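Open the model in your viewer and keep the selection panel at hand. The stops below go from a whole chain to a contact and then to a sheet.

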Amino acid sequence: MQTFDLEAQGLRQLNTTLHALKGQTNETAWEIVNPKGAHAIAVGLDAPVDVTVRGSTGYYCAGMNKQATVRVKGSAGPGVAENMMSGTVIIDGDASQYAGATGRGGLLVIKGNASSRCGISMKGIDIVVHGNIGHMSAFMAQSGNMVVLGDAGEALGDSLYEARLFVRGSVKSLGADCIEKEMRPEHIAILADLLKRGEADHLAKPEEFKRYGSARKLYTFNIDNASSY
Amino acid sequence: MTDFPHTPPKQSWTFSNDINAEIRRAAATGIYDIRGGGSKRKLPHFDDLLFLGASISRYPLEGYREKCATDVWLGTRYAKKPIHLDIPVTIAGMSFGALSGPAKEALGRGASAAGTSTTTGDGGMTEEERGHSKTLVYQYLPSRYGMNPDDLRRADAIEVVVGQGAKPGGGGMLLGQKISDRVAMMRNLPKGIDQRSACRHPDWTGPDDLEIKILEIREITDWEKPIYVKVGGARPYYDTALAVKAGADVVVLDGMQGGTAATQDVFIENVGMPILACIPLAVKALQDLGMHRKVQLIVSGGIRSGADVAKAMALGADAVAIGTAALIALGDNDPALEAEYNKLGTTAGAYDDWHEGRDPAGITTQDPELYKRFDPILGGRRLKNYLKVMTLEAQTIARACGKNHLHNLEPEDLCALTIEGAAMAGVPLAGTSWIPGRNGF
C-alpha cells in the first residue's frame, strides 16, 4: 500500500502521481490521507488501481474516472464521479449534489444519502444509493441504472430518456414524462446484479423495488405538451 | 360619379408584411419559428466604424515590404502548452450533428492550412476534425454529449461553454431529422428523437463553482491545456471579470450576430447584445483587473472581413472567431444552388432551416445523399483562401495605421459614423471629439 499525504504533498503532485500509473504498474493500492475536503482528488485516473481516501472530499472526487476503484472513507462533495467512464467509486458516507452527473459507465455506490440531482444527465453509469436521494434526481437521464434503497425526493426522473430507475421506498413526486413501469424478470436480474455489486444485497431484495422510466411522450416536441416542460 | 383622388394603400410599419406573415404562421402551426444562424436585424456593427489611417502625426508602413505580424498566443496565463496561431482568425465551435462529417473535415483542412484552430461543438469530437485539425479546441458543454477524458487529453485547448451569442441563457434542440445512427450513438440517445442540449451545466452553477470546475479540468489534463470560457454577449463586463476570477486563460465573447444550429427566432432576435457593444466592456474588465493581454479575448458574432478583424482588434480583442462566414466560404447559401433553395421555399442567402437537415450544399445535414455532394478538400481550400484574404485585408489596414503587428491597432485608430457606434465602441463620432456617454454627456 502506497500512502500519499495530500496535506503535505499537495493536489498537483497527487494527480500527477496517479496519472503516471499505467496498466502494468505494481503500485496498485494507494491510500490518500488528510484529504480535508479538497477538490478534484483522484480525477482523470486511467489505470486499474485501488485508491482509498481516508476522510471526506470536496467537489469532483474521482471525476471522469476510468478503470480505477476509488473508495472514500467519509462523505463526498458535489459532483463525485462526474462523467465517470468505467471503474468503481464507493462513498462510505453521504454524497452532495450531482453525484455521478453525466457518467457514461462504471459503478457509483453511495452508502449514505445522496443530495439533489443525483445522476443528472447520466449516460450509462450505474448508481446504487443505500439511503435516500434528493429532488430532481436523474433529471434528463439518458441511459444506465439508478438503484435507491431509500426514498426519492421531488420530481424524480424529470424529462427522462432511457435510464432505468429502481426505488425501494417512497417517491415524493415524479417529474415530467417519468412513470412507474412494470418490473419484468430481466429487471429483477439487473437489480439483483446491481445490489450485489453495490454491496447492498444483504440490505434489500430486488422484489422490494418499483421501476420507473420514461413515458417517451416528450421525445418529439409537440405544442400540446408545452405545459409539461 | 366624381373621381376623387384615392388614398394610396399604406402598409403598417408596426404590422409589416413580415410581421403579419409570422402571425399567420404561428396561428396555423401553434409553434414558434425555429431556425439556424444569427440575428438578421440591422444592428450597430463594425460597419459603423472607420479607420483614420496615417497622417502627419503617424507614418504608415510599406505594403508588401515592411512586416506586419499576425500571430497570436492563446493560453499564456496558466497552460503549460499555450497555443500559437499564425493568424488571429479562428473557427468557432460548430457541432458534428449540426454539420456533416465532410464539412467538419473541410473546416479542419482550411484552418490548418491557414495556420489557425478549429473548435468542436455539442456532440463530441469526431475523427474527421481531430485528424484534419492541427490545433483543435474541445468544447465542454452543458449537455456533455460525447464528452470523455480521452478527447479532453487529445485536444489542444478546452473551451468551457457558458453561453453563446445567438441565445445567451438558452439551450438547444437538435431535431430528430438530423439524428442519424452515428449522431445518436455519439450522444447516447435513441435515433430520430429530438435531442435537447441543456442550457446550463449539470454539475456547477455560478462563478465559485466554475473556478472548481476549471481546477478539475486542469488537474485531469495536468495543467497542459489552455482553458477558454465562452460567454454570450449578455453582461460582458461582469462575465469577463468572473471568468478571469474563475481562472480562465482565454475569454471567448460571442455577440448576438453569432449563429446557432437551431433555436427560436424570437430568442435569436431579442436576447443578447451586438458584438460591437460587448468588446469595449470586456476589454475594460480585463484592464481593470490588470489582465488585458494576459488573459486573451476572442470575439465573434458577425465577423466577415479583414476590416472587421482589424476593428475588433483595435478595440482590444486578441483574436476573432468565425462561424457563419466560414460556412459561406465552404459553399453554404451559394446562389449556384438557387433552384434547390427555391424548392425548399427559400432563396440563396436567406436559407436558415439548418435544423431540418435538407441543406442542398451538403453542409448542415446528416443525409448521406446530400453531404456526399460536398467536397471537403475543395471546401478546405476555399476556407484557407478566405482566411488568407481576411488576414491580408487586416494587415493592409494595420500598415496604413502604422502598425507592425495587428495587436498594435488601438481605439485611437478609429472613428464612428453613427452616434450609436460611437457610444458602443467608445470612439469619437467622425469629425468630432464626442464620445457619447463620456464626460457626462
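The tour starts with how the model is labelled.

Residues are numbered from 1 along each chain as its sequence is written, and chains are lettered from A and ligands numbered from 1 in the order in which they are written. The model is predicted: local features need pLDDT of at least 70, side-chain atom pairs count only at pLDDT 80 or more, and totals for chains, interfaces and linings use all residues.

Select chain B. Its C-alpha atoms fill a box of roughly 70 × 70 × 45 Å along the principal axes. Of its 441 residues, 55% are buried (20 or more other C-beta atoms within 10 Å of the residue's own, C-beta atoms being placed from the backbone).

Now show where chain B meets chain A. The contact (C-beta atoms, placed from the backbone, within 7 Å) takes 35 residues from chain A and 21 residues from chain B. On the chain B side, helix α6 (residues 206-220) gives the most, with 5 residues. Helices here are DSSP runs of H or I with at least four residues, strands are runs of E with at least two, and both are numbered from the N terminus.

Move to chain A and select its open sheet of 11 strands, ordered β1-β2-β3-β4-β5-β6-β7-β8-β9-β11-β10 with mixed pairing; two strands pair if DSSP finds at least two bridges between them. β1 (2-5) and β10 (178-181) of chain A stand at the edges with a single partner strand each, so one side of each has no neighbour in the sheet.

Zoom in on β7 (residues 123-129) and β8 (residues 143-148) of chain A, which run parallel and are joined by 5 bridges. Here A:Lys123 stands opposite A:Ser143.

Notes
Two residues are in contact if their C-beta atoms, placed from the backbone, lie within 7 Å. A residue is buried if 20 or more other C-beta atoms lie within 10 Å of its own, exposed if 12 or fewer, and partly exposed in between; C-beta atoms are placed from the backbone.
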